[in-house]
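Please read them beside the model.

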Amino acid sequence: MTTDLYEPNILNQWQVAWPDALAVWSQFTRLSDPRLCESSVLAAKEGLNSSFAMIRLSDQSVVIDLEAVQKFDLNDYAVEVLAHEIGHHVLAPATASDHFRLLARIRRGLPTFEQHAAMIANLYTDLLINDRLQRHSGLRMDGIYRRILAKEPMRKPSLWALYMRIYEVLWQLDAGGLGVQVDDSLFNSHAWLGARLIRVYANDWLTGGARFAALILPYLYNDSLEQEQQQVSALNQMHDTREAGHGSEPSGLVDYDAEELDEPLHPSDDPLITGEEDKDTDETPLSNLDKKAVSASAGQRREPFEYGEILRSAGLKLSDHDVAVRYYREAALPYLIPFPKRIAPQSMEPQIEGLETWEMGDALDEVDWMQTLSSSPVVVPGVTTVKRQYGLTSGAEPATKPVDLDIYIDSSGSMPNPQQRMSYMALAGAVICLSALRSGSRVQATLWSGKNQFISTPGFVRDEDTLLKIITGHFGGTTAFPIHKLRETFTARTDFDRDCHILHLSDDGITTMFDIDELGCSGWDVARISLDRGRAGGTMALNLRANWRDQDNVITNTLKQAESEQDWNIYTVTDLPQLLDFARDFSRKHYGSAKAVKRR
């Protein structure tokens, strides 16, 4: 597909330039061939909009809109443009993880203007890459800006003017060489500081990111982005990392980096940039290792809403619920525990006894394809797929059998929304559920607020995303435990089913579990029968004051009765240390090979 502006030979010209662009960085640089789109329509299908070039870190791709290249008269800058895009993969941000970390640090330097973090990060990494290509590789990076810039000179201090003046200082161009004609001493001082920052932090650009943001911040306060349409257009045209994080799986972003916790330092206060020693303090600066230790001991953690804003600024298109699933999965991984198992006879010679449904989350190699296809030519995972069921012949050595988990998460108005703020109840649920899945257990999760306001997994499942979607959901309504859900779950459970532990994550609203249900049955009886048929005990992790047992009221007395009469294990979970204590005790108390839970 071509347009009147498009010259057919430009495609071949840019294809030939790719090896030369790779060699600019190293003869050993290896990336897949760029996606050279012959029209803006094709480029848009790749996710490229506004700009004429972009990168994507998930698949290390480079995308070029050749129609836009023709429009901006950049046909003969193929090596320069391609080398610049390669620089994003090789130098900055290079990896999705560092891209997320840079965005997090730049946000710290842009109070109240965090929404511009992605754009500022792009300007910063472009400066790092272009300075290296212009000075060390002899490429004509300044020529690209001369072609793109409008004919009218920039006479007012603005973000785009400062950006161009920094290039003039870096490359020792004549004043106004890139169209900047601003006669302001403070503006020129900022440009000098910006150029020094790029050189000083060329090899430690993550540290320099927050400092660059602090330098740029005043130029966002003067509303120049809203007032100057010329620079808005230029910024969009050059924003090639807008979708850089799309398709990536972030890691290490839940906790703050050590240096990220520091107050962003303005370049004018940085002795490495100004060349002046800091004489105002006698304190010895902490080493990077010391700072990491301080951060780890502080245990500071990002809130889910901030975590989501960083992901979205990197190009990930996720709902609040999807963000919460990723957040609590990553937050839970360091605290996974050995999930309880029961002693069972070990089979010396496994024997096939029949078939059972293969579900999402089971090992793929367990599918019996012959039986699956013989029952239905249309394969529907979790519906038509089956796996072999083996019986065990008793042996001399003991084996273990996983314990299933039935978990109920309170999502009434008194509980925090895990999609906005850290919820230790949700984190506890994620830790226990992921631990259960890794031991081979199946989990049924129910999120509840009112008697008829609840949502559950389709029975006992082994799919992480399905479970985390339930755990991180939120209703925010009135409090009334769905007693009928507990009753129906265990009424149908037989002696041939696995042992099942019951876990409640709630606050004092859990006492509604002992009310009268819609059939007129006592909640106490439903709870007793459920524990008896589950055969693996019950636990409550509650958001209560630590001294609740010392109080004398209806709620605390009900909980004490649940402990004494039905052996519910009740824990207080309001912070991380209590969460860890609960998880450790949960894995060993009343379980394992040394103890067995008595049948009621």
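1. A search of the whole structure finds three cavities of 30 Å³ or more. A cavity here is a set of points on a 1 Å grid over the protein atoms alone where a 1.4 Å probe fits but cannot get out; the points are joined across faces, edges and corners, and a volume is the space filled by probe spheres set on them. The model is predicted: local features need pLDDT of at least 70 and side-chain atom pairs pLDDT 80 or more, while totals for chains, interfaces and linings use all residues. Residues are numbered from 1 along each chain as its sequence is written, and side-chain values use heavy atoms, without hydrogens and water.

2. The largest cavity holds about 120 Å³ of space. Its lining (residues with an atom within 4 Å of a point) comprises 14 residues, with Phe52, His84, Glu85, Met238 and Asp240 nearest the centre. Helix 4 (78–90), helix 6 (117–135), helix 7 (141–148) and helix 13 (229–238) each give two or more residues to this lining; helices are DSSP runs of H or I, at least four residues, and strands are runs of E, at least two, numbered from the N terminus.

3. The second largest cavity has a volume of about 80 Å³. Of its 13 lining residues, Ile409, Asp410, Pro416, Pro418 and Ser423 lie nearest the centre. Strand 8 (404–410) and helix 19 (424–438) each supply two or more.

4. The chain has 24 helices and 13 strands. Of its 600 residues, 52% are buried, meaning under 20% relative accessible area with a 1.4 Å probe, protein chains only.

Technical notes: 1 Å grid on protein atoms, 1.4 Å probe; cavity = no way out; pocket = protein on both sides within 12 Å on 5 of 7 lines; lining within 4 Å. Buried < 20%, exposed > 50% of the residue type's maximum accessible area, 1.4 Å probe, protein only.
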